[in-house]
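Please open the model in your viewer and keep the sequence panel beside it. The stops below say what to select next and what is there.

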Amino acid sequence: MIDFSFTENQLAVRDMAREVASKLIIPSIAEFDRSQKLNPELLPAMAEANLLGFCIPEAYGGLGMDYISLGLASEEMEYGDTSARVILSVHVGLFSLPVLTFANEEQKQKYLTPAAKGEKISTFGLTEPAAGSDVVGLQTTAVKDGDNYILNGEKMWISLADVADQFLIFAWTDLEKKKNRDHSGISCFIVERGFEGISTGSIHGKLGVRAGNTGFISMQDVKVPKENLVHKEGSGFKIAMFCLDQGRYTVAAGSCGLIKACRDACVKYSKERKTFGSFIEEHQLVKQMIANMEAGYEYSTYLWLKAGWLKNQSLRSTKATSLAKWIACKEAEAAAANAVQVHGAYGFSDEYPVERFYRNSKGASIYEGTREIHTLMQADYVLGHREDKQLELDLPKVDQ
Ligand SMILES: Cc1cc2nc3c(=O)[nH]c(=O)nc-3n(C[C@H](O)[C@H](O)[C@H](O)COP(=O)(O)OP(=O)(O)OC[C@H]3O[C@@H](n4cnc5c(N)ncnc54)[C@H](O)[C@@H]3O)c2cc1C
């Protein structure tokens with residue numbers, strides 16, 4: 001049975017995200033984008049609207065909503081601005097859902113509950129100055145010392161680095177395996193901002209996502225209690241891949257919000273601008289650009305819905321999520337480039353929002369697996385070099 005309808009609860013989450021986007025993000029986004037600052041009211045407003053924990057079970061301070069709700073909220077937030085959807089991606093997709101899946105009860109009470117309630121902002125630190133796509137190239141180490149691990153290393157390009165209270169950090173615990181690039185030597189830790197030896201900073205001068213915080217985390221002899229090891233030594237790579245499965249899903253659905261924002265801006269402008277005696281909406285080549293945006297939006301939506309459906313059944317969805325992310329980002333980039341085109345010279349200035357859409361659209365083909373990495377993944381599935389096996393661990397059970 002195929003059912004394309006949404007439940008009342010799913011629509012309620014969508015409407016809540018839509019309200020935050022329309023009342024808080026859209027009216028002031030040009031100003032925050034220009035000043036390259038995160039709106040200080042955004043995180044409190046998202047927390048107030050339960051947007052930081054709605055798909056976490058009630059037992060841990062959330063609302064127990066499902067993955068389709070997460071997709072709908074991601075789309076609405078990115079309709080407002082990509083930087084707002086990035087908050088959902090890192091706080092919920094890359095931190096809370098993996099902690100729900102892999103952490104023990106004590107860790108969930110200590111770190112997941114405040115995250116779901118929006119009391120502690122959370123993020124994910126995998127990338128390093130010399131290792132992005134090549135995860136096994138990371139250099140951070142975690143050396144056991146009595147009841148602690150001592151962490152040393154540098155994480156780079158981390159969303160909310162300068163804002164978050166707690167970080168999911170990936171580091172080598174087996175230095176022999178590090179030498180052999182054997183990913184079963186990587187482990188995952190929950191690290192608190194307050195631990196001695198942690199410092200963070202922001203990156204300025206980014207092409208896009210300027211209204212969001214992106215930065216670095218530096219760790220110098222940081223003493224992390226052994227209780228903060230997530231799952232067990234050596235499962236860090238598996239956890240990181242699970243994190244990306246959830247984060248990529250929010251990027252895919254979010255990109256649909258960006259395509260819709262491009263489409264709506266073009267519909268409006270094409271009814272206002274006249275050339276050769278008629279509104280530009282009458283010109284067939286302009287219609288074609290708008291039609292392509294609509295097509296891109298529709299089929300990208302079906303792809304994330306399929307991935308969300310698999311996730312709701314606790315079925316492995318790596319292939320479906322990767323495909324949804326790859327295609328939606330590609331379509332968002334194309335839609336944003338055409339949105340500038342439809343606006344002519346005005347699209348080239350920040351008088352209209354489409355130049356921001358254009359700049360923001362680029363990042364999603366780089367983070368959470370570059371365009372090339374997803375292309376290779378899809379080819380490898382088809383060629384029989386990869387397959388989605390069920391994870392040995394229980395996946396989160398979500399209420400529909
Ligand atoms: C705005 C933003 C936010 C981010 N947020 C986070 C975050 O919160 N946490 C986090 O951990 N990281 C984050 N990142 C980092 C991001 O995930 C990495 O940038 C990404 O994984 C790519 O890594 P890289 O930049 O090192 O590029 P590289 O891996 O160095 O790749 C460079 C180029 O080579 C290509 N390439 C690499 N390997 C291959 C291959 N085998 N075959 C073909 N082509 C290849 C790539 O596709 C790319 O075109 C963020 C990045 C940005 C821009």
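**Stop 1: the ligand**

Select the ligand and the 22 residues around it; T127, G132, S133, T370 and E372 come nearest. Here, a residue is near a molecule if its C-beta atom, placed from the backbone, lies within 6 Å of it. Colour by element next: β1 (122-125), β3 (148-159) and α12 (371-383) give two or more residues to this shell. Helices (H or I, at least four residues) and strands (E, at least two) are DSSP runs, numbered from the N terminus.

This is a predicted model, in which local features need pLDDT of at least 70 and side-chain atom pairs count only at pLDDT 80 or more, while totals for chains, interfaces and linings use all residues. Residues are numbered from 1 along each chain as its sequence is written.

Now colour the shell by class: 10 residues are nonpolar, nine polar and three charged. Ala, Val, Leu, Ile, Met, Phe, Trp, Tyr, Cys and Pro count as nonpolar, Asp, Glu, Lys and Arg as charged, and the others, Gly among them, as polar.

**Stop 2: the domains**

Select domain 1 (8-121), domain 2 (123-234) and domain 3 (237-383) in turn; the bounds come from an automatic or database domain assignment. The ligand lies between domain 2 and domain 3, because both give residues to the shell around it.

The centres of domain 2 and domain 3, taken over C-alpha atoms, are separated by 30 Å. Their contact takes 15 residues from domain 2 and 10 residues from domain 3, where two residues are in contact if their C-beta atoms, placed from the backbone, lie within 7 Å. On the domain 2 side, β4 (166-172) and β5 (186-192) give two or more residues. That side has 10 nonpolar, five polar and no charged residues.

**Stop 3: helix α5**

Select residues 82-102, which form helix α5. Of its 21 residues, 20 are buried, so the helix is largely enclosed by the rest of the structure. Buried means that 20 or more other C-beta atoms lie within 10 Å of the residue's own, exposed 12 or fewer, and partly exposed in between, with C-beta atoms placed from the backbone.

Centre on S96 for a kink of about 30 degrees, shortly before the proline P98. The bend is the angle between axes fitted to the seven residues ending there and the seven starting there.

**Stop 4: V251**

Finish at V251 in helix α8 (residues 236-270). V251 counts as buried because it has 31 C-beta neighbours inside 10 Å. Leaving aside neighbours within four places in sequence, V251 is in contact with S89, K325, C329, A364 and E368.

Terms used. Expected span 1.5 Å × (residues − 1).
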